[in-house]
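Keep the sequence and the 3D view open side by side.

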Amino acid sequence: MSGLAFDPLLPWPLVGALALLAALVALWSLWRGLRGWLLRGLAGLAVAAALAGPALESGIRDKLSDIVILLDDRSASQDLPGRAARTDAAVAEMTRQLSALPDTEIRRVTLGDDPDGTALGAALTRALAAEPQGRVAGVIAVTDGLAHDRAMIPAAAPAPVQVLLTGEDRDWDRRLVIEEAPAYGLIDKPVTIRLRVEDQGAVPPEIAQSPARLRVALDGEPLRGLDLPPGVTLDLPVVPKHAGQNVVSIGFDAPEAAIPELTDRNNAAAIQIQGVRDRLRVLLVSGAPHAGERTWRNLLKSDANVDLIHFTILRPPDKMDAVPVDEMSLIAFPTQELFMERIKDFDLIIFDRDRVRGILMPQYYENIRRYVEEGGAVLVSAGPEMSTVESLNLSPMGAIIPARPTGRVYDEPFLPRLTEDGQRHPVTAGLAGAPAEGSDSHWGRWLRMSQVIPDPRAQVVMTGANDEPLLILNRVGKGRVALLTSDQVWLWGRGFEGGGPQLELLRRIAHWSMQEPDLEEEALLADVSDLGVTVTRRTMDATAGPVRITHPDGRTEDLALTEADPGRFTARWTAPGPGLYRLSDGAISRVVALGPAAPREFEETVATPAALAPLAEATHGTVLRLAEGMPGLRSVREGRPAHGQGVAGPWIAITPRDAASVSGMTHRPLLPGWAWLALIAALALAGWLAEGRGRLLAGRA
């Protein structure tokens with residue numbers, strides 16, 4: 001290739017001004033009738049041309065191939081019925097036709113799954129930025145058009161953008177939309193989930209107005225079913241039942257139609273609501289002042305989430321002395337209000353060395369028994385009074401206390417130890433400084449305890465003197481009762497003989513009594529991290545069977561567990577994809593939500609041209625549905641329509657760019673400097689001679 005180039009000696013404005021001045025001088029000379037006006041003007045223009053530095057450039061031009069970007073969408077929504085096959089066929093056919101074109105390269109961009117949906121715009125932007133704009137001859141996108149980053153789709157492209165949609169125009173889908181869902185909720189207080197059912201696409205007439213039958217479950221337990229027409233917003237109340245994660249699953253079956261909906265993966269959703277207690281209300285009744293009374297008060301007052309009501313009985317009704325009543329207490333003991341009217345307001349009632357001596361009437365103890373059977377919690381910390389005729393066991397409440405006293409009191413030092421059950425039970429398992437088997441380590445000694453005979457249904461987790469039961473736990477109806485047969489736990493807090501985990505033990509007992517999920521002795525737990533799940537089976541048995549995992553599509557598999565600690569069996573499992581999984585070992589079931597139950601890829605499934613149509617139109621491209629036929633491929637000049645309908649069917653086109661690279665470039669001045677001087681001088685001299693001759697002729701005349 002060769003061409004004319006310029007290398008001006010002065011700035012272009014000065015060169016242009018000089019040329020303009022030469023032209024004006026020539027015109028003025030013409031107006032005055034001077035015969036050398038043309039030659040003088042040419043001399044001035046020759047000066048301007050010399051200053052412009054004209055030169056001849058020549059080099060070797062190497063033609064560059066055109067580049068066509070082939071975008072292959074392999075996101076999850078492309079696995080819907082029919083789309084994967086159409087994608088495979090379209091990519092193969094476009095590759096074949098492009099390969100047949102001369103000087104054409106294919107840049108294939110495969111778009112996979114992304115947690116945030118289909119990043120179609122970002123993939124297209126990166127692909128265009130990676131190639132020289134002057135070589136891009138076209139973009140062919142084989143996709144369903146579902147882009148979750150529409151803001152990233154470029155507004156223009158250097159060549160036609162052709163979109164081949166894999167979906168059909170008859171596709172339709174019904175999905176569940178969660179508009180609002182709380183992340184936290186108070187236990188036993190209703191929270192509201194706002195939802196609706198939405199139809200998309202070419203919905204069959206027989207389905208369009210039919211309601212969806214919703215199934216609502218909490219932690220795998222069915223709550224209710226209801227019919228919800230499409231397009232109607234529903235406020236669904238749900239009551240979290242326990243602290244920690246409450247999984248609410250909502251779904252409906254795919255409607256029956258001649259043309260089935262695209263997928264049922266968006267027919268369900270899982271909402272994880274973290275259950276929290278508003279305030280823990282605890283009633284502490286101390287039967288008499290003693291050294292360990294402050295232990296319970298300090299424990300409960302250290303928790304800002306606990307509302308504590310504490311009564312200490314300073315003088316029983318049968319004791320006669322001269323101390324006025326108003327000096328013994330600030331308020332009277334409101335037994336009627338506490339144990340009849342407001343007993344259900346309490347999450348836990350603690351009897352600390354209390355005894356039966358006429359302060360509480362039998363009907364109050366009977367009411368406490370019913371309170372426990374209906375789901376309440378009682379903790380008894382007993383002293384020597386347990387072995388007397390004033391023992392709580394002799395009241396109507398004795399039916400729920402998990403042990404019967406023999407009347408004997410061990411008034412001697414002893415070492416508290418964990419039983420085999422205690423090493424498994426979450427209330428005592430893993431307590432700091434627990435005596436290791438075969439070692440000389442031990443907690444500090446206690447000095448007194450009562451001898452009892454435990455209920456066969458109860459669990460003895462700690463023993464004391466002569467291996468007699470020290471801490472006994474039992475379930476009664478829907479509630480729980482814990483019994484400490486000694487009032488000496490305060491010695492641990494004082495550091496007597498090294499002390500022990502006093503606050504932690506009492507905290508665990510109290511929270512187990514209030515049915516804290518983390519302290520359930522029979523539990524199936526799942527610690528979720530992305531798609532990984534650590535399954536833990538906590539049990540009082542010596543072995544644990546496999547856990548059956550039910551996938552979102554109904555497929556099942558068994559997961560074997562291994563013992564990590566006494567009473568604790570674990571296994572690590574990785575899910576194949578997001579969704580709602582059910583774990584069960586036959587006795588306990590748990591629902592686990594991994595990622596969204598309906599991934600973003602399946603929020604909208606009907607193939608649509610809306611996202612890419614503006615870009616295709618702006619570049620003279622088009623949007624075609626592959627279900628209507630495979631298009632042919634042509635080459636057209638830039639700026640011409642790049643799609644159309646031919647005899648053989650639809651066609652799309654690319655625009656060859658005729659790009660090239662130049663090598664071996666040479667630069668040679670049009671005239672050497674002396675030639676320019678000679679030319680300018682010759683023109684000036686000729687003009688002067690012509691003008692002088694004209695004057696001579698005029699003088700002779």
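Is Asp72 buried or exposed? Asp72 is buried, because its relative accessible area is 0%. The model is a predicted one, and that holds for every value below.

Stay with Asp72. Its side chain forms a salt bridge with Arg108, and the closest N and O atoms are 2.7 Å apart. The two partners come from distant parts of the chain. Asp72 sits in strand β3 (residues 66-73), while Arg108 sits in strand β4 (residues 104-111). They are 36 residues apart.

A second salt bridge joins Arg83 and Asp171, at 3.7 Å from N to O. This pair also links distant parts of the chain. Arg83 belongs to helix α3 (residues 83-100). Asp171 lies in the loop between β6 (161-165) and β7 (172-180). The separation is 88 residues. Both Arg83 and Asp171 are buried.

Now take Glu105 and Arg107. Their side chains meet in a salt bridge too, at 2.8 Å from N to O. Glu105 is partly exposed, because its relative accessible area is 28%. Arg107 is partly exposed as well, with a relative accessible area of 27%. Salt bridges with shared partners also build a network, made up of Asp72, Arg74, Asp88 and Arg108. The count for the structure comes to 41 salt bridges.

Turn next to the aromatic rings. A pair of aromatic rings is described by the distance of the centres and the angle of the planes. The structure holds five aromatic pairs. One of them is formed by Phe414 and Trp446. These rings are edge-to-face, 6.2 Å centre to centre, with 70° between the planes. Phe414 lies in the loop between β19 (403-410) and β20 (417-418), and Trp446 in the loop between α10 (420-424) and β21 (449-454), so the pair ties together parts that are 32 residues apart in sequence. Phe414 is buried, at a relative accessible area of 5%. Trp446 counts as buried because its relative accessibility is 0%.

Trp573 and Tyr581 make another edge-to-face pair. Their centres are 5.5 Å apart and their planes stand at 75°. Both of these residues are buried. Some rings also gather in a group: Phe414, Trp443, Trp446 and Trp492 form one aromatic cluster.

Helix α12 (residues 502-513) comes next. Among the buried ones are Leu505, Leu506, Ile509 and Trp512. Arg508 and His511 are also on that list. After α12 comes Gln515, whose phi is positive, near 65°.

Now look at the empty space. Rolling a probe the size of a water molecule over the atoms shows where empty space is left. The second largest pocket has a volume of about 1000 Å³. Its lining takes in 34 residues. Asp219, His242, Pro517, Glu520 and Arg590 lie nearest the centre of this pocket. Elements that give two or more residues to the lining are β13 (244-251), β24 (479-484), β25 (523-529), β26 (532-538) and β32 (589-594). Which of them gives the most to the lining? That is β25, with six residues. By class, the lining divides into twelve nonpolar, ten polar and twelve charged residues.

Cavities are searched for as well. The whole structure has two of 30 Å³ or more. The largest cavity has a volume of about 80 Å³. It is lined by 13 residues, and those closest to its centre are Asp354, Val380, Ala382, Met386 and Leu392. The lining of this cavity has seven nonpolar, three polar and three charged residues.

Finish at Gly545. This residue is found in the loop between β26 and β27 (547-550). Gly545 counts as partly exposed, because its relative accessibility is 40%. Gly545 and Asp169 are 376 residues apart in sequence. In space, their C-alpha atoms are 50 Å apart.

Technical notes. Residues numbered from 1 in each chain as written. Heavy atoms only, no water. 1 Å grid on protein atoms, 1.4 Å probe; cavity = no way out; pocket = protein on both sides within 12 Å on 5 of 7 lines; lining within 4 Å. Points joined across faces, edges and corners; volume = space filled by probe spheres on them. Helix = DSSP H or I, 4+ residues; strand = E, 2+ residues; numbered from the N terminus. Nonpolar A, V, L, I, M, F, W, Y, C, P; charged D, E, K, R; others polar. Phe/Tyr/Trp six-rings, centres within 6.5 Å; stacked < 30°, edge-to-face > 60°. Buried < 20%, exposed > 50% of the residue type's maximum accessible area, 1.4 Å probe, protein only. Salt bridge = Lys/Arg side-chain N within 4 Å of Asp/Glu carboxyl O.
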